[in-house]
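Subject: Structure handover

Hello,

The sequence and structure are below for your use. My notes follow them, with the cut-offs given where each term comes up.

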Amino acid sequence: MQNTDQGKFNMLKSILDETVSLANDKKEDYIPPYGDVTKLNTRRLIMDSVGRETLKEISEHAVYLLDTSVAIYEANGDYAFGMFSSGWCKTMDAASRELCDTDDNREALSCGKWLCHENCWNDSAKKAIETERSTDIECVGGLHLYAEPIFAGQKVIGTINVGYGDPPKDPDRLAALAESFGLHPEKLKQIGDNYKSRPEFIVHISKKLLGVFAKLIGEIVEKEQTKQMLSTVMKRNQALLDHSPVCHKIVDLDFNLRYMSANGFRMLKLDDNSQVYGNPYPFSFFPPTFRNEMTRNLKKVKETGDTIIMEALTNDIEGNEVWLDSVLIPIFDDNGDIEYLTVVSADTTRRKSDEEERNRLESQLRQAQKMEAVGRLAG
């Protein structure tokens, strides 16, 4: 029994050693004779979110054990990345591209004669997108095609496909392929003979890995979409804050300023380049009475978690008097602890001035009325 197990182990080790040695063969980057079709990509979701270098690295790992071909598609069929590793796949693809009889790749992709593209996209990748399930089909080039849909959240955004299997050996099959692709049967036989067969379990492992790579691409795209959405929201919120008639300030629990909206700089006559972030709030140019009252209220908010409303006279950096109506609000983290304090202030100087002028005029009017009444009594 022990000898049998040892024999199985030795056989498995031999298979693995041979397969890994094949996969580790260094190959130069292959550029198809018709050029780079990813330049025609108009959707660019996967291509731009993941980036060419990362897609290349993923593709290299996807065909690491199979040594065939890989294609990554956007949901609309545009190529995000493609790679040919084996001589068989390179030959069949280039030959079927020649059947299109055009130098324009856009025309070739839509002409219906590019057999490898038509089969890989329409019969393999497109079906995986439509069904939201992996597809496994026989390839027109004599191999097999396996495709995994790529999800970003709940939405399919593309697929990743690999070729697998041995090139055909049967003379009749080779002759039929040669006729379809415009090649000589003997040339196909020579290319096919150079491909070393992969055991079934290696193909199985590669299919499992393709699912992992599809998930990885989807997660990268989803994170990039979230990042862009947050950036858009932040820009919109920033625009709202910058055009708000009030000033928004955020201070940490040590009362250092972390943020102030644009109106705060205008309100206090501060230059946009003023080094206020990270410095203590209230600012040193405020009068002592205001600093003391603001500091006292900030401490109270920090200690109690209450919201406080205050009205106080201060000044801008040029010394001009400024009346501020302020609301001091605690900001809590997910654990219910106070994380920051925010101060929302409105410049009420004009209103105060108007009130003082109205009060002055009303006082003068009352005084005049009083003097008039006294005069009538005296008369």
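Buried here means under 20% relative accessible area and exposed over 50%, with partly exposed in between (1.4 Å probe, protein chains only). This is a predicted model, in which local features need pLDDT of at least 70 and side-chain atom pairs count only at pLDDT 80 or more, while totals for chains, interfaces and linings use all residues. Residues are numbered from 1 along each chain as its sequence is written, and side-chain values use heavy atoms, with hydrogens and water left out.

Overall content

The chain has 379 residues, and 40% of them are buried. It holds twelve helices and ten strands; helices (H or I, at least four residues) and strands (E, at least two) are DSSP runs, numbered from the N terminus. Contact means heavy atoms within 4.5 Å. Of the contacts between residues at least 6 apart in sequence, 54% join residues at least 24 apart.

The two sheets

Two strands count as paired if DSSP finds at least two bridges between them. Five bridges link β1 (residues 69-74) to β2 in the antiparallel sense, and A71 has G82 of β2 as its bridge partner.

β6 and β7 run antiparallel and are joined by three bridges; V251 has L257 of β7 as its bridge partner.

Helix α7

Which residues of α7 (residues 171-181) are buried? They are L174, L177, A178 and F181. These four cover an arc of only 100 degrees around the axis, so they sit on the same side of α7; the arc is that of the directions from the helix axis to the C-beta atoms. An α-helix has 3.6 residues a turn, so residues three or four places apart point the same way. The elements covering the buried residues of α7 include α4, α6 (115-131) and α8 (185-193). On the face turned away from the buried side are the exposed residues D172 and E179.

At the N-terminal end, D170 caps α7, with a side-chain oxygen 3.2 Å from the backbone nitrogen of D172. The cut-off for a polar contact is a pair of N or O atoms within 3.5 Å; within protein, one must be able to donate a hydrogen and the other to accept it, and residues adjacent in sequence count only if both atoms are side-chain atoms. Just after α7, G182 takes a positive phi of about 70 degrees.

Backbone points to check

Most residues other than glycine have a negative phi, and most peptide bonds are trans. D101, in the loop between α4 (87-98) and α5 (105-110), has a positive phi near 55 degrees. D101 is exposed, at 71% relative accessible area. F255 also has a positive phi, near 65 degrees, and is found in the loop between β6 (247-251) and β7 (257-260). F255 is buried, with a relative accessible area of 11%. The peptide bond from Y281 to P282 is cis, with omega near 10 degrees; P282 lies in the loop between α10 (262-267) and α11 (288-304).

Cysteines

How many disulfides does the structure hold? It holds zero, a disulfide being a pair of cysteine sulfur atoms within 2.5 Å. For C116, which is in no disulfide, the nearest cysteine sulfur is that of C139, 5.8 Å away. C116 is buried at a relative accessible area of 15%, and C247 is buried at 1%.

Regards
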